[in-house]
Amino acid sequence: MNKHTGPLKVAILGTKGYPYVYSGYETLVKELGERLQKRGVEVRVYCHRPLFKNKPKEVNGIKLIYTPAIETKNLTQLSHSFISMTHACFSDVDVIFVCNSGNGLFGIISRIFRKPTAINVDGLEWLRPKWKGLGAKYFLFASKMATKFYDRIINDSDEMQKVYEELFNAKSTVIAYGANPSYDSDPSKIEKWGLEKEGYYLIVGRMIPDNNADLILEGFIQSDSTRKLVIVGDVPFQDEYAIRLKNMKDDRLQFTGYITDPEELKALYHNCFAYFHGHEYGGTNPTLIKAMAYGCAILALDTRFSRETLQDGKHGWFFEKDAASVAKLLVKAEESPKEMQILRETAREGLTDKYNWDRVTDRYLEVFEELRNP
C-alpha cells in the first residue's frame, strides 16, 4: 500500500463545535485542534449550526463546517453527529475523530466508506441518572458498537481502559485530558460575591445528579463551618434537581450560575479553601485536573477515577457517597489548616506528563498518523 504524504487532514465531530467552549469535549477540541493546526495538520471541526450566530469558515486556522440537527432534547446531539459523519465520509479527510460513545453506532458509516476513525468514548454514560431506561440501554449498546466499528478506541484514564476491557473485552488507547497550570489571578475578581481568600469551599459543574452536588450541600449544611460554599454552574433548561438544590436554605450557600469570564473562574479556584469534586461516572474529569492545575486542596468523591487522578490520596482527600461522610470530612479539613495548605502547595505536582496538553497532542498525532498509514 502506498504511504499517504502531504498534510494530514483530520475531521473532528461529536461536539458542539469550535470555538464554542461549554464542556470538556469542546475544551479538548480547542486545545487539541489549535495545537494540531500549528503542527501542520489540516483540522476541520463540525459545528452545531444553531449555536453559532456568526459562521466564519475558519478560526485560528481551523476550518469550520456547520451542520444541522433534529432539534429535540434527546436527538440533537445524535442527529448532528450522524449528519456530520456522513458529510465527513464524503470528504477528502484522512482520519475522522469522533467524541462521545453515544456516537458509537455511526462508525458503521465510516466502515462502509473505509474512512479511518478514532473515537474518544469518555465516561460511563449508561450509568448517568439522566439516562434512564431506554436511554441507558442505548448508551451501553452504542458504547459496545463503538468497539466494533471504530478503528481505535481512546479512553482518557487507565481505569476507564479497564472498564472497556471488563465490559466489552475491547482494547483501547489511553490518552488523558490535559490541563494548563496557573499560578496567578486577580484576587479582586471574587469581591463581587463578597468572598475572601480561603473563606469558602468551591463546587464547579453542571447541576445534574451524577455530579452529586446534593449530598455535598446536605453534608455542608450539617456542618458547623463558618465558611461559605460557592456553587458555580447550572443547567441550560428547567430542571427539578437544579431547582431543589437552589431551594436549599442556608445563608452560607452561594449560587453564582454559569461564569463565562475565565479570569473570574480562575480567581475562584485560586482563592478557595478547598474544592469539592462529586463527579461520579467520568474518566479523567476536566474540572478535577483544572482544580489541581490551579493549586486547590481537593475533597473528592471516592471513585476509581478520582483515585487514579489524585494518586490514591496523595493529592486530595476522599468522602463516601453520603452527606454524613461529607460533614465528617469538613470537620477534618477545618481542623487541619496546615495539611490543607500542603495539598494546595503540592496539587500541581500531581499533573504528571500525561496531563500536559502538548504531550496529549503528541499522542493523538501518533494515533492519527498510524490510522492514515496502517
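User: What makes helix H9 count as mostly covered?

Analyst: This is a predicted model. In it, helix H9 spans residues 286–293, and six of its eight residues are buried. Buried means under 20% relative accessible area. Hence H9 is called mostly covered.

User: Which residues of H9 are buried, and what do they pack against?

Analyst: They are Thr287, Leu288, Ile289, Ala291, Met292 and Ala293. These pack against strand E9 (200–204), helix H8 (262–271), E12, strand E13 (298–301) and helix H10 (304–309). After H9 comes glycine 295, with a positive phi near 75 degrees.

User: Why is histidine 277 called buried?

Analyst: Its relative accessible area is 1%. The cut-off for buried is under 20%. So histidine 277 is buried.

User: Where is histidine 277 found, and what is it in contact with beyond its neighbours within four places in sequence?

Analyst: Histidine 277 is in strand E12, residues 274–277. Its contacts include Thr287 and Leu288, both among the buried residues of H9. Asn285, Leu299, Ala300, Leu301, Ser306 and Phe319 also touch histidine 277.

User: Is lysine 115 buried or exposed, and why?

Analyst: Buried. Lysine 115 has 14% relative accessibility. Buried means under 20%, so lysine 115 qualifies. Its place is the loop between helix H3 (107–113) and E6.

User: How far apart are lysine 115 and cysteine 89, in sequence and in space?

Analyst: They are 26 residues apart in sequence. From C-alpha to C-alpha they are 6.5 Å apart. Cys89 is one of the residues in contact with lysine 115. Others include Ala88, Asp92, Ile96 and Asp151.

User: What is the packing angle of helices H1 and H13, and why are they called roughly perpendicular?

Analyst: H1 (residues 24–38) and H13 (residues 357–372) pack at about 75 degrees, with axes 10 Å apart. Angles of 65 to 115 degrees count as roughly perpendicular. So H1 is roughly perpendicular to H13. Among the residues making the contact are Leu28 and Leu32 of H1, and Trp357 and Phe368 of H13. By class, the contact has seven nonpolar, two polar and three charged residues.

User: How do you know that the buried residues of H13 are on the same side?

Analyst: The buried residues are Trp357, Val360, Thr361, Tyr364, Leu365, Val367, Phe368, Leu371 and Arg372. They cover an arc of only 160 degrees around the axis, so they are on the same side of H13. What covers them includes H1 and strands E1 (9–13), E5 (95–99), E6 (117–120), E7 (152–155) and E8 (173–174).

Notes:
Residues numbered from 1 in each chain as written. Predicted model: local features only at pLDDT ≥ 70, side-chain atom pairs only at ≥ 80, totals over all residues. Heavy atoms only, no water. Axes fitted to C-alpha atoms, helices over the stretch in contact; angles between N-to-C directions. Helix = DSSP H or I, 4+ residues; strand = E, 2+ residues; numbered from the N terminus. Parallel < 35°, antiparallel > 145°, perpendicular 65-115°, else oblique. Contact = heavy atoms within 4.5 Å. Nonpolar A, V, L, I, M, F, W, Y, C, P; charged D, E, K, R; others polar. Buried < 20%, exposed > 50% of the residue type's maximum accessible area, 1.4 Å probe, protein only. Arc of directions from axis to C-beta.
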